[in-house]
Amino acid sequence: ATPTALLVGTGRGAQLGVLIKGPEILESTRRVDTVVLDKTGTVTQGAMAVEAVVTPSGRVPLDDLSADGRAPARRGADRSGQEVEDARDALRHAGAVEALSEHPIARAITAAARELATPRTASAPSGSDTGDAASTVPPRTVGAGTGVGADGVAIGSLQTFDFRSAPGGGVEAVVRTAHSGLSLADGGGLTARRVLVGQPSWLAREGVASDPALDEAFGAAEATGASAVVVAWDGRARGVLVLRDPVKPTSAEAVQELKDLGLRPYLLTGDGEGAAREAARAVGIAEADVVARVLPDQKVDVVARLQREGRVVAMVGDGVNDAAALATADLGLAMGTGTDVAIEASDLTLVRGDLRSAATAIRLSRRTLRIVK
Ligand code: ADP
Ligand code: MG
């Protein structure tokens, strides 16, 4: 292979939205027969939204939780005030912890929790309307957004300290609540709770007592392809947050193109079976080729196992948790919309974050190598 012809290939790649680290990489794309796709942020939009909050007293859709949705007429006869109050409490506590996490799940929960503190319809800062619990925010805390102080973060009337993240499991922190009417400076007006948000198996390992109704809600949510996390405090599960991350509009077409190039696609995720299967179905990946509930340091094992079976593996990912797998794969492709760690670990970057560029890159390199020969 003459270096000049290969460099022409890399230049064309840049035009097509594919950044190639070096011309030698084109060579390894030729033999690739397997493509492992990370689910979250790669096949899906990576931007989740909270769909509903379930507590032992019931399930409340997010739309009915915003401060302007609390009018009795909107709640209907079958939705009790308690149901809404408990759901709001669960979301606010989860949001206070997740404000310190970068995970897509965390971003969705934080955004939803902030919306509780600031009704969509309100132009003035919260505290001036409806008489709602979340709007009676003590003046010294941050109303809508997140404020990073010397010792913590505040959302609404909650303040967060001692944040810890367990990769692939969840997050925890101490959340302080200021009781209405008392300032945070007055220690007598505070409740401090150790709040955990994450998947049930991790919460169980952390000694949290489960709740049968919540276990059922968690399973039901995952069965519909949604993602779900449990929020717990004072050692007990308090609520299930149901989230959904839609598949990117171009992903199904991209998977078809990869198949047309003779590659066998796999879906790899730390997420649960239900969400993984639903995403796979939506883009046309066989159920047998879905690997779910994979811990971050096990993603690399899946790639290595396929390589031991004699496969030549391309991996497409976007997250910090994909970096090792991207580096181990025969060809690592990072979403340009993903983390710097993933991009650095990869051979190729799909600038537009469009999975179709993965097929483009492989097609381009095969064509380039044909010209070279
Ligand atoms: P993926 O590979 O799909 O991006 P991760 O390995 O990042 O998944 O996360 C796996 C699982 O760990 C999530 O589905 C969730 O249950 C839990 N988890 C990770 N981070 C968080 C967080 N910040 N808040 C709640 N749950 C989390
Ligand atoms: Mg990811």
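Between which two strands is the loop in which Asp 234 is found? Asp 234 is found in the loop between S10 and strand S11 (236–244). This residue is taken up again in point 6.

1. Basis of the note. This is a predicted model, in which local features need pLDDT of at least 70, side-chain atom pairs count only at pLDDT 80 or more, and totals for chains, interfaces and linings use all residues. Residues are numbered from 1 along each chain as its sequence is written, while chains are lettered from A and ligands numbered from 1 in the order in which they are written. Helices (H or I, at least four residues) and strands (E, at least two) are DSSP runs, numbered from the N terminus.

2. The ligand shell. Around ligand 1 there are 23 residues, of which the closest are Thr 40, Ser 101, His 103, Gln 199 and Gly 270; a residue is counted as near if its C-beta atom, placed from the backbone, lies within 6 Å of the molecule. Six shell residues are nonpolar, 13 polar and four charged. Here Ala, Val, Leu, Ile, Met, Phe, Trp, Tyr, Cys and Pro count as nonpolar, Asp, Glu, Lys and Arg as charged, and the others, Gly among them, as polar.

3. Origin of the shell. At least two shell residues come from each of helix H3 (39–43), H6, strand S8 (170–178), strand S9 (190–198) and strand S10 (227–233). Ligand 1 lies between domain 1 (3–45 + 246–372) and domain 2 (49–244), because both give residues to its shell. The domain bounds come from an automatic or database domain assignment.

4. Helix H6. The end C-alpha atoms of helix H6 (residues 104–117) are 20 Å apart, which agrees with the 20 Å that its 14 residues should span at 1.5 Å a residue; the expected span is 1.5 Å times one less than the number of residues. Twelve of the 14 residues of H6 are buried, among them Pro 104, Ile 105, Arg 114 and Glu 115. A residue is buried if 20 or more other C-beta atoms lie within 10 Å of its own, exposed if 12 or fewer, and partly exposed in between, with C-beta atoms placed from the backbone.

5. The sheet around S12. Seven strands form an open sheet of mixed pairing, in the order S1-S16-S15-S14-S2-S12-S13; two strands pair if DSSP finds at least two bridges between them. Its edge strands are strand S1 (18–20) and S13, each pairing on one side only. Strand S12 (residues 264–268) is largely enclosed by the rest of the structure, because four of its five residues are buried. S12 runs parallel to strand S2 (residues 34–38), to which five bridges join it; Leu 37 has Leu 267 as its bridge partner, and Asp 38 has Leu 268. Two bridges join S12 to strand S13 (residues 290–291), again in parallel, and Leu 268 stands opposite Val 291. S12, helix H10 (residues 273–283) and S13 make a right-handed β-α-β unit: with the strands pointing away from the viewer, the path from the first strand over the helix to the second runs clockwise.

6. Backbone angles to check. Most residues other than glycine have a negative phi. Asp 234 has a positive phi of about 50° and is exposed, with 11 other C-beta atoms within 10 Å. Arg 293 has a positive phi of about 55°; it lies in the loop between S13 and helix H11 (299–308) and counts as partly exposed, with 14 C-beta neighbours inside 10 Å.
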